[in-house]
Amino acid sequence: MALSQRAKNLQATGLFKQYALRLAVRTIIFGYAIYLFVVHPELLDVTEYFGIAHGFNSVDFFFIAILVDILSKFAPEAAISMGSLKQYGRYQVPTAKTFRGGREALVSFVRSVVEDGKVALVETKDGVIDAANQVVQSVGQVLRDIKLLRQIPFKEEDLTADEELIWDIRRNRVKEIVPVMIFWVVANVLLGLGLWYFDVLNERTIMLWTMFFFFFDMVCVVFWCPLQLFFMRNRCCTTCQIFNWDAIMTTTPLLLLFFETPFAWLLVLLSVVVLLRWELAFIRHPERFDDRTNASLRCAHCSDKLCYFRAPLEVKR
């Protein structure tokens, strides 16, 4: 489907508009970084200008921009994609593959509606029709409203999957993330060696390198993600297995300055914490990361619609 045609067929959600705005802001920030690199390269020297001792400088502004984005990943209520929030148990909703009959709250709700319908049955013929419609509409609403479903206190047994499915989820994830890991390490090492070979690997270049990653991260969400297209082949951002890897990916160039400035080690350490929380969440609860075991990740229940400009990929399992 053509880009413009697909956009016309979808309505831009509030969250998508927020991400589009973030892309616009990051484009301006990256443009400013390019300007400094060309006109005032010395101002990108984080070892020289970072910190309050030198006043508020451009590198301080860049630090705050990256820091705010990283910190947002620690908030379960943050206005970010389900692709990031799926690590939290509050966003998991059972599917047919995990349901084992422990949804007393849902059963109780439906039973109360049915009981109301029984009262209406003995009143009038119209009451019979109204009661039947009420039951159908109420139950249908519950089964469709993902936000309402998340409020139901599901039992743990309804949120877990059998060992065979868990094994398949883990295996599929390895197939997705390992090629990305290899590519990312090799690509960054080669780029770093290339910059060093041409004698342009310095604090200023590393800063511009970092700000490019910060900018392109949002391009991947809004427009086009080469890691998804060429390596992972996952359906969309919601099911992305490396959504919260963006922090460590953005700060990858700063590893070259890790021991030279607080700018680097503060952001890198926070990024590592984000990465570890993400990976530990998967190790403990892999069922939260797959649409076969978490209904919140399914297209039918998606309220993010970050695929506004691009069609979800077809996934073959």
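Keep in mind that the model is predicted.

**Rings that pair up**

Let's start with the aromatic side chains. The structure contains 23 aromatic pairs. One of them joins Phe-212 and Phe-216, whose rings are stacked, with 5.7 Å from centre to centre and 25° between the planes. Both residues belong to helix 10 (residues 203-222), where they sit 4 residues apart, or about one turn of the helix. Phe-212 is partly exposed, at 33% relative accessibility, and Phe-216 is partly exposed too, at 23%.

Another pair brings together Trp-224 and Phe-230, and here the arrangement is edge-to-face: the centres are 6.1 Å apart and the planes make an angle of 80°. Trp-224 is partly exposed, with a relative accessible area of 39%, whereas Phe-230 counts as exposed, at 55%.

Here are the two pairs side by side:

| Pair | Arrangement | Centre to centre | Between the planes |
|---|---|---|---|
| Phe-212 and Phe-216 | stacked | 5.7 Å | 25° |
| Trp-224 and Phe-230 | edge-to-face | 6.1 Å | 80° |

**Arginines over rings**

Some rings have an arginine over the face. Arg-22 lies over Tyr-19, at 4.6 Å from the ring centre. Arg-26 does likewise with Phe-214, at 3.9 Å from the ring centre.

**What about the cysteines?**

How many disulfides are there? The count is 0. A disulfide is a covalent bond between the sulfur atoms of two cysteines. Take Cys-237: the closest cysteine sulfur, in Cys-240, is 6.5 Å from its own, so the two are too far apart for a bond. The cut-off for a disulfide is a pair of sulfurs within 2.5 Å. Cys-240 is in no disulfide either, and its nearest cysteine sulfur, that of Cys-225, is 6.4 Å away.

Are these two cysteines buried or exposed? Cys-237 is buried, at 12% relative accessibility, and Cys-240 is buried as well, with a relative accessible area of 10%.

**A phenylalanine in a loop**

Last stop: Phe-154. Where does Phe-154 sit? You'll find this residue in the loop between helix 8 (146-149) and helix 9 (163-197). Phe-154 counts as buried because its relative accessibility is 13%, under the 20% cut-off.

How values were computed: Residues numbered from 1 in each chain as written. Predicted model: local features only at pLDDT ≥ 70, side-chain atom pairs only at ≥ 80, totals over all residues. Heavy atoms only, no water. Buried < 20%, exposed > 50% of the residue type's maximum accessible area, 1.4 Å probe, protein only. Helix = DSSP H or I, 4+ residues; strand = E, 2+ residues; numbered from the N terminus. Phe/Tyr/Trp six-rings, centres within 6.5 Å; stacked < 30°, edge-to-face > 60°. Lys NZ or Arg CZ within 6 Å of the ring centre and 35° of its normal.
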